[in-house]
Every structure is written in C-alpha cells, then in structure tokens.
Amino acid sequence: MAFSTLQYLPVPLLVLSSLKTVALANEALGRLLSLDRSALNIEKPDAMQTVTDKLRGQTMSELGIGMLQDGCPISVNWEAGQDARANSNGDGKVLDESKQMMQTIAPKASSESSKDALTMASKSNFAHTTVHDICVDVIISLEIPKISGPLPPQDGKRFKRRPEDNAIQASMTISFWDIDGIPYYTLTFTSTRPNGSTNSNHSSYAEVCTSTEIIKPQGSGSSYSSGKRSQRSSNAGSAIAFPTTYRPHFPSYGPPSSGGDPLDSSSFLKVNQMKDAILNSITMPAYAMWKDENFGIPNKALLRFLPNKGEDAPINHQEFLEQFQVYTEDFRRQLHVDEFPIVQVCRTRKPVTQKRLGILIPDTGEKKVYELTGEPIIDDRTQEFLGAIVILKDITVYTKRIAEQIEENERQFEYITNLIPIIVWTTTPNGDHDWFSQRWYDYTGLTQDQSLGKDLSLLFHEEDIYEKDKRWQYSLATGIEYNAEYRCKRHDGQWRWMLGQAVPFRDDTGKIIKWFGTCTDIHELVELRNSAKQMREQLLRVLEHAQVTLWVINREKKLTMLEGGLLGDPAMTRKELGKEILEVFHNGLSGQKEMLELRDKIDLILDGNSADEVVEMAYNGRWHRLRVMPLMATDLLAGVEKNPYIDGVIGVNMDITGRL
C-alpha cells in the first residue's frame, strides 16, 4: 500500500535497488522526464504500462541525471560509485567526508541483493530500519523535442536552441535505507527555491544529516544535526570529484518545473550561458572537444567556417567535424577528420604549436591560412585528462604578403640571372635539375620540358662526362662544393669548354634543400692555356738543345723561375726554387772570386746602376757565360701604369766550353 501511494505523490520520486538501478518510479517523475503516456503502451497496447515498467533497470546516467557543484556539472559515475570507498588511516577512520557520502550512495552490492525488484516490505523488517538523508544539486537532461522546420524568430533574429534549454536543475534528496540488510535509495526531486523566488535559498550551514528511526511514536519527527556546509568536493589527489552536500529543506519547495520564466535561470544555466559568452567573446576561432571525441564546443568565430555560419550544422559530432573544409597550408590536399589537430591532441595528449592550416570559407569561397595552437585540457585538481582545445590565428594577410614577396624575389632573381653572361641552374637535393636561366635554353636550343628532370648526358663530351659525373656524385654525397671542366655542345653542334660550379643551400638544421650552380663559358681561356702549354714545351726543347738555362730571382735574390738544366747540372731542377741564387751556385764554383763577382754584378743590376752585366766562370769543370739584366715592373694606379721599377734579375746561362 505504501509503495502504491508513492506512485501518485506530486513530487517526482525514484527508488533505486542495491544495483543503483530503478526499482520504482512514480507518475510525477514521468511528467518531469516528459515521458509520452501513449508511448508507454506501444509494445502491449492492451496492457496498462506504468512509469516504473518503462524505467525499471535503468541507471541514473541513462536517465540523464548528473550532479552539480557550484552550478557546474561534475563527472560522477553513479554505477562505479561502489568503488569510490573511503581511504582509511591506521585506526580505520574515514579521511574524507565526501568520499564517505559516495560510499553511502553506492556501497558494494552483495550477491544476495543483486536484483532490481523491491523486497517485500513488512512492519517487522521496517522496525529496525535506519534512514540517512542527504541533499545534492543535480541537472536533469531532457530529450530535445522534435520540431519540424526552423524555430520562429525572436526580435527579428533567428532563435537557435541551446543544449541547456532542455535541462532542469533540481535539488535531489537521497534517503538511504535497507530491508533485511538489502540497501535501497529513495531519490526525491524538488525545486531549488521557493515558488516565485529568483534566488536559491540553500543554507550555507548544513552537512550530512544524522540517522533517525522510521518507526517513531506519533508526533515525533526527524531530527538533524546542523553544521557548516562542506566546502570540499574532493581531496587534492583524488581522481573523482564529489558534489557539495547540504541539509534538505523541509517542507520542500515543491516539484521542479520543466517550464517557467526564462529569466528565472538556474545556476546551471547561468554558468553555461556565462561560459558560452566568454568563449564567444574570443575573436579568434576556438574549439574544445571532450576526450572521447563525441562532444565539442565551438565558439561563434569558428562557426564562420561552416555553411550558413553553422545554423544548419548537424548535431552528430562526427558529421559536424566533416563540415569543415580543412587543407594543408598550400591548399594542395584536403585533410581527413582524423588529421585535424584537435583530434590529434585528444589522441596523443600532447600540445600542438604553430601548425598552419588552410581553411575554405564556404559562404564566401575565401581561402584563409590559420596558425593553430592546441593544448590538452587537464583537471587541475585531479590531473585527469578531459579533452583538448585549439585556437586559430588568421595569418592569411601575413602569408599572402610573404608569398607576394617570395614571388617578387623570384622574379628579380630570374631577371638578374638572365642578364649575367653565364648559365645559372638549380637542382633538388638529389641532383635533379628543376630550373635553368634563359641563357641555358639559348645555348642548348632545348625547351623546358626537354631540360627539367631529364637525362642531359648527350650534351656533354664523352671524354669529359665520366670525370664530371664522378665529381658531381661526390658533391651530392658529401655536400662539398662542386667544380668541373667539361665540353658542352652548343645548339649549332660546336663543343665549347664550360666551368661547372655548384654550392649547396641548407636550412637552419644544416639539411641541404637545394643546389645552386653555374656554367661559365671558358672556351677561349682553355684554348689560351693549351697554347701556352705548347709554347712552354717548345721553349724547353729549344733551351735543352741550345744548352741554355733561364732563371729569375726577386729582390731578395731568391729563385722564382728556372727553366733548362742550370749550368748543365741535371740535379739542379725546379726544386731549387725559393733558394738564394748564390747558395745554388756555391757548391759548383771553383773559387770565391767568381762568387764575389756574381754577387757584385747582381747588386749593380738591383741598384739600377747597370742594365746588362756578363760573368764568365768555371762550374763543375766547364766554362759558362752568365748574362744578367734587370726584371722591370710598373705600378698601377687606377688601371694606369705608373713609375717603372726593378723587381728582380733575369739570368741566362750558356755553356761556352767548346767555344773558347
């Protein structure tokens, strides 16, 4: 009879079994949860199905009931509450009041009590039942009613439903009692304030109440011990946050209402509206996502990235994210949702900094570049990972300016390289040509398609290509500057000598990202060098045949040039260069007289007192005539020759033994 009476109480009421699932729910709760009366009898049209039949076995989480603290929802797993037992110290005393409360809410169920139905109640099993009452703030989420078409405008603006508009804040009184050792929980939902009052009337001086006997003499009532309301929600190191408890108000303020004046907001609505307003006040796009990736909160600036500024955005979170058109910075590839930085931060729990993305704005077709910063969100009390948040900074103007500057620099570079009389080229780090100056195409007669990334070996002389490629591969492998001379075929078929040079271009880490090279036409220089080489060989043969030696000394009387066999001595080769001339002649002269005479003749020439001197001397048993003359040089001033001077001495030796 007592349980039947509960069905028709005007105050919403639930009875939970030891499994923390619904064992009984009255009609007022069905009205609070907006249960459709006609939907209760769909499965059995001929049977009368009650709210209890509809909700039996469901958990608090499945009903959409969550706890609040200071107007904010806290994460409490009702079903896992049985594991939130209090830690005890050495003497077994409880360390935390809130944990003690949760231990009472969700004690471990024994095998005997593992059932949803209520145990048969009787006067005998009620006789020694102790009831504990405690009160907490809760939020009840209601199903969003299905409304066809857009909601009517308000004040000329389109009205968009907020998630908290379908939630009710209530005060929930939890009564703990048992029958034959099996625990049960009666949850009574009342308004958080008196009817007509806009301010909560919760006392700040209340605590978990003391227990009282249900069976009392008539006229006796429940008594409570008052005290200061607990200000702690959890220990600093706790992994679970618990709500603040307070004393139930008797008589109650009446059942909570799902309607009412929208200006008469609950603390929950105020907190959520304030948080949304703060988030929307941020001018930069921002998005926060829960760790399971099934829920996210965008600010108003981020919704500009969606069609119709997000007015028609889907409710499903995955479908919501798929509405964003996110690309790489250069807009060459569109990113999948799994590549979004917000998803990566949630999965790796590591921050992302200075990540650049391209985003297409669908309403305008604009392509914008953003620099993104992403951070994991950590509960500062429990250190639990909650999710991630990303904030985007518009750098479109900056990147556009940089791109324009780069483009202008490239134009100037090409303009300058096309003016200078050498061929300029670049390659990738692995050596593939990716750019040539115009002079390359003028010289070879090839087109861009025939040149870039192609095998150009046919343009180089077969006698030079092996050494050229060997040096190029060595430079690619080591990063050493490249130098090689080779013959390159001109468009008219003529082979001309080129000097190929290249240096690597490195990034801040030292990695080679490009090679810059040149080809310089040195054909005339090579021809002159070859001619000079031939002339020297001819001169050496003449000197050898005439038994003449030609040498030059500087003003310090040291040999700077030596051609031919000096004084007919094969041992005197060009290894004598750098030595003093008197030291070279000393060992072979027959006496000091000739040495002194040679020294005096050289001094006369260097001092400018003579223009031509001759010395005859015996050397290694043969007579030589040595003729010395000044080596003249001139100063250059602004390219004009000035003031000739004697820079050294030229000597010519001739063997005259057979001519005396």
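**Close-up 1. Strands β11 and β12 pair in the antiparallel sense over two bridges.** Strand β12 covers residues 352-360. V326 has I359 in β12 as its bridge partner. Pairing here requires at least two DSSP bridges between two strands. Strands (E, at least two residues) and helices (H or I, at least four) are DSSP runs, numbered from the N terminus. The model is predicted: local features need pLDDT of at least 70, side-chain atom pairs count only at pLDDT 80 or more, and totals for chains, interfaces and linings use all residues. Residues are numbered from 1 along each chain as its sequence is written, and side-chain values use heavy atoms, with hydrogens and water left out.

**Close-up 2. Six strands form an open sheet with antiparallel pairing.** The order is β10-β9-β14-β13-β12-β11. β10 (296-298) and β11 (326-327) are the edge strands, each pairing on one side only.

**Close-up 3. Helix α10 (residues 341-348) lies across β9, β12, β13 and β14.** It runs at about 150 degrees to β14 (385-394). Axes are lines fitted to C-alpha atoms, for helices over the stretch in contact; angles run from 0 to 180 degrees between N-to-C directions. In α10, P341, I342, V343, V345 and C346 are buried (under 20% relative accessible area, 1.4 Å probe, protein chains only). The buried residues of α10 pack against β9, β12, β13 and β14. Contact means heavy atoms within 4.5 Å. Just after α10, R349 takes a positive phi of about 60 degrees.

Technical notes:
Buried < 20%, exposed > 50% of the residue type's maximum accessible area, 1.4 Å probe, protein only.
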